[in-house]
Each structure stands twice: as structure tokens, then as C-alpha cells.
Amino acid sequence: MKKSDRKFKVVVIGGSAGSFSVVSKILSQLDPEFPVPLVLCLHRLKHVRSGLVEGLNLKSRIPVVEPFDKEKLKPGVAMLAPSNYHLFVEFDSTISLSTEEVYNHSRPAIDFAYSSAAYAFREKTLGIILTGANKDGARGLKGIKDKKGYTIVQDPSTCDVETMPQSALKLFEPDQILTPDEIVKVLNSLVG
Amino acid sequence: MNSCGVMTYKEYLRVLKQHSPYDFSDYSDNSIYRRIDKVMRDQEVTLEQLCERTRHDKDFVEQVVEAITVNTTELFRDPAVWKYLFEKHLPSLSGNNFINVWHAGCSTGQEVYSLLILFNELGLLDKVRVFATDISRNALDVARKGVYQNQIDRGCIENFNTVFDITSGDKTTFLNYFDVDEKHDRISVKPFLKEKIKFIRHDLVKNDVPFYNKVDVVFCRNVLIYFNVNLQNRIVQRFHEGLYNNGTLVLGAHEGLSGFFKTKFDRQGPVYRKSNVFHLRY
């Protein structure tokens, strides 16, 4: 990536089935000086409403929080979409939440997180889609690509469930298709 | 207004404000844009056409407002909050002679009934009077009927049992409050709960409050998230004025008070209490 050309304003990672261990791995290897706000939009079991943020914090080298509505994005802080809410990235770098209808059978819907970030930050958005058993996220990630943002799809051969990355690949050609280790390298290259 | 060229959502909102009693200009950008976009897709119209019909067709305006304001709610959403209210918070109101509740933005009413069930389990239902308000006529109609589809599938009985520490699968307590038709996944609220509530159509954005009483509890969950911070603060100010001192404000699990208002309420677990003491510790 020609990182010198861009200063990303947000990194949005979406994932579903099997993504907990991948996200956990990424966070555990991330440079503690990671300079960009990170948004995590992960499908989660509706009736298991707690524990995910604690689980991710165990190994993460940057703080992981579940944001309140209108909270500001912060460099080097990962904001995890709260259970049972949609999450949107706004123009003024705040998060807004919503309880409107489930979308793609999901709340949070990854498409909403991606497309709102693309709308707000255009080419300064980096979107990453991970393993998952759903087509949620594919259209939103394409939205990031359409706005000239940077898009990464997890290499399907490294996914527990490859439906989600495959749906994205069917829709458009991302900038990169990477293993989790390579994704970590790209993210850490944003430091300094 | 613009008669030609490309319209923006903001301009549409100005037209709507001019030609109807509704003002959405302080809704959060992202949510309002998305909703209007959906209306345009569903009605297969451009923004200009939407605008034209808004100027001339009052029934159409009502349809648009319904589509913009529709929200989902469920029985005992976020069981941990309800459990806290039941065990730690609402018992503190048992010394009151009466308990006035304003449920602002009640939508289809599931959480109004959830709250009444807590009061009944605490033996306080006789003292309770509820004013439940919402902008949406359709939502209020559903709320008044108290008949809900597909709630069992979404786990309403498990949520209920979690709140009251009832063994999973045991439906006896739930059946005190609802007639259940499992085959069609339909539940109906029993009349003794419904009669405690006065449902009133009211636009929270407007300054008036549609009743005179001060209240002990304001319930407003996952409504303020659709508004920008200015409007949020205006509405919280009204809640503050409407509450008795030490009164309770319950917001959504991921909603908070901003700026100055943090100093006008005390936080207790997931709820806020009106305070006349000025706090600087935040």
C-alpha cells in the first residue's frame, strides 16, 4: 500500500462466525502506538450480551471499548459495536447508534458500519472483512472501494467460514486479499 | 425554495418543516439521510418528487413521518438494566403515595408494559400512572392494543425469566401478564396492565409536554440516539424540568448525558437521578 499517500481517518473491521480469534490475534499483535481510530463491527449472539469486550481486552495491545452514542473516535482505541445496536460513523468523527430493524439478519449490520464510514471519510477509510457465514459487509465494503477507500479481504483459505469474504470477492476486486498475519503487518505499517 | 437543480436532504427537511408540523432538522445526519433514502426507494420517487408531494399532500406527509420515525423495541430489551431497576432501584419508590411515569418515545409499547410488570412484581402497580408518548400514530395504535407477533421467537420469555430469576422454560409467571398463542407466536397484554397507561401522541421535538403532572420516572430509551447533541440537550432539559427532585431518568444502555447535563443528574448503575447539587467530579 502506498501509505505515504494517505492518512486514514478510520479502520473498520467486520467479521462474523470465526472472527473472534482473528480479531483477537490482530489486536494482540497491533503496535500499541497504532495511530488510527479502529471500529470493530462483529456479529454476536444476541443473548450473549456481555463478555466480548472483556474477551478482546484480555489480549489486545490497544484499549477496546463499547462506545456510547455520539462518542468521539479516538486514535489508537478500538470501538466495538454494542450488541443489538447498529453502529454508524459520522462526519464529525463521532459514533452514532441505532435500534432500527435488523439488516441482513444482523444488528449490528456490518454494511452500515462500512457504508457510513465511506460516506464520512471517503478515501481515508480502510475496510477489512474477515471470516463469516453471512453476506453482510460485502456491499458496504464495496461502498468503501467505490469512494476510493482501501479494502482488504481475509484470504478465504484462512477463514473458518468463507461465505463473507467470498460474497465480497464476488461483488468487486479488493485492494488486497491477505492472511491475518499480513493484515497485522499492513495495520502496523500505518504507525510512524 | 429550490425549484431546480439537485436538492439535498437538508433542503427537503426545510420544505417538510415549512409545509407540515414536523421538524427533523436536528435529527442526526446519518439516520435521517438513510431513512429518507429508504422512503425514496420504497415510493420510487426522486428527492424533488418527494418534495413536491410533501408540499401538497398531507396524507403523504404522514406516511413519510411514519417511515422516518419507525423504530424497533422489544420486551425487556437489555435484561441487565431491567434486573437492576427491579432489584436495586424501583424498590426505593415504595414510600411514594403515587408514582408518575413519563415514557417518552414509547414506540409500540413493549417497554411500557415491561416497566408495569416490574411495578406489579414489586406490589406497587396501584400507585402507578403512566403517560406514554410517541410521534407515530401507527406505533401508538399497536401499543394500545398490546398484541405482539414474533416475540417468543426473539426470546421475550427468556428475557423475562432472566430479569426475575425464574428457571429457564418456566412460563407460569409470564402467563400472569400475557395471553400466549404459541402456534402463531402471538402474545397479548392482559387488560389490567393496559388500563394503567394513557397513550398520547406527542412530538418530542416540540416544546410542550402533553400533561401537567410532574413525574417520578422518565423513561426514554434509544430515542435520543436519533437526535443531534443540541436537540438531545434540549430534551434532557425538559426531562430535568419535568422530574421531581431525585426523580429517575432511564436512557438506553449505550446512551449517555453530555456536557453540562452530567452535572444535573447523579449516575446510579444504569440509571440517572435528578440532582439539585452541582457536581464537578465528572
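This is a predicted model: local features need pLDDT of at least 70, side-chain atom pairs count only at pLDDT 80 or more; totals for chains, interfaces and linings use all residues.
**Chain B overall**

Let's start with the big picture. Chain B carries 10 helices and 10 strands. Its C-alpha trace spans about 60 × 55 × 30 Å along the principal axes. A compact globule of 282 residues would have a radius of gyration near 19 Å, and chain B comes in at 20 Å, so the two agree. As for burial, 39% of the 282 residues of chain B count as buried. If you look at contacts in chain B between residues at least 6 apart in sequence, 74% of them join residues at least 24 apart.

Where they meet, 8 residues of domain 1 of chain B are in contact with 10 residues of domain 2 of chain B. On the domain 1 side of that contact, chain B puts up 2 nonpolar, 3 polar and 3 charged residues.

**The seven-stranded sheet**

Chain B has an open sheet of 7 strands, ordered β6-β2-β1-β7-β8-β10-β9, with mixed pairing. In chain B, β6 (197–201) and β9 (265–268) sit at the edges with a single partner strand each, so one side of each has no neighbour in the sheet. On average, and ignoring direction, neighbouring strands of this sheet are turned by 20° against each other.

Within the order above, β8 (residues 243–251) and β10 (residues 271–274) of chain B pair antiparallel over 2 bridges. Across that pairing, B:T248 stands opposite B:R273 in β10(B). There's a helix on this sheet too: α6 (residues 110–121) of chain B packs on it and touches β1 (99–104), β2 (128–134), β6 and β7 (215–220) of chain B. The direction of α6 makes about 170° with that of β2(B).

**Around strand β5 of chain B**

Strand β5 (residues 186–189) of chain B is a handy one to follow residue by residue. Side chains in a regular strand alternate between the two faces of the sheet. In β5(B), B:I187 and B:V189 make up the covered face, while B:R186 and B:S188 make up the uncovered one.

| Strand of chain B | Pairing with β5(B) | A bridge pair |
|---|---|---|
| β3 (residues 147–149) | antiparallel, 3 bridges | B:Q149 with B:R186 |
| β4 (residues 178–181) | antiparallel, 4 bridges | B:F178 with B:V189 |

**A look at chain A**

Over in chain A, A:F121 is found in helix α3 (residues 110–121). Is A:F121 buried or exposed? A:F121 has 22 C-beta neighbours inside 10 Å, so it counts as buried, the cut-off being 20 or more. Leaving out residues up to four places away in sequence, A:F121 touches A:K9 and A:V10. Along the chain, A:F121 and A:D111 are 10 residues apart, and their C-alpha atoms are separated by 15 Å.

Definitions and conventions: Residues are numbered from 1 along each chain as its sequence is written. Chains are lettered from A and ligands numbered from 1 in the order in which they are written. A residue is buried if 20 or more other C-beta atoms lie within 10 Å of its own, exposed if 12 or fewer, and partly exposed in between; C-beta atoms are placed from the backbone. Two strands pair if DSSP finds at least two bridges between them. Two residues are in contact if their C-beta atoms, placed from the backbone, lie within 7 Å. Ala, Val, Leu, Ile, Met, Phe, Trp, Tyr, Cys and Pro count as nonpolar, Asp, Glu, Lys and Arg as charged, and the others, Gly among them, as polar. Axes are lines fitted to C-alpha atoms, for helices over the stretch in contact, and angles run from 0 to 180 degrees between N-to-C directions. The radius of gyration is taken over C-alpha atoms; the globule rule is 2.2 Å times the number of residues to the power 0.38.
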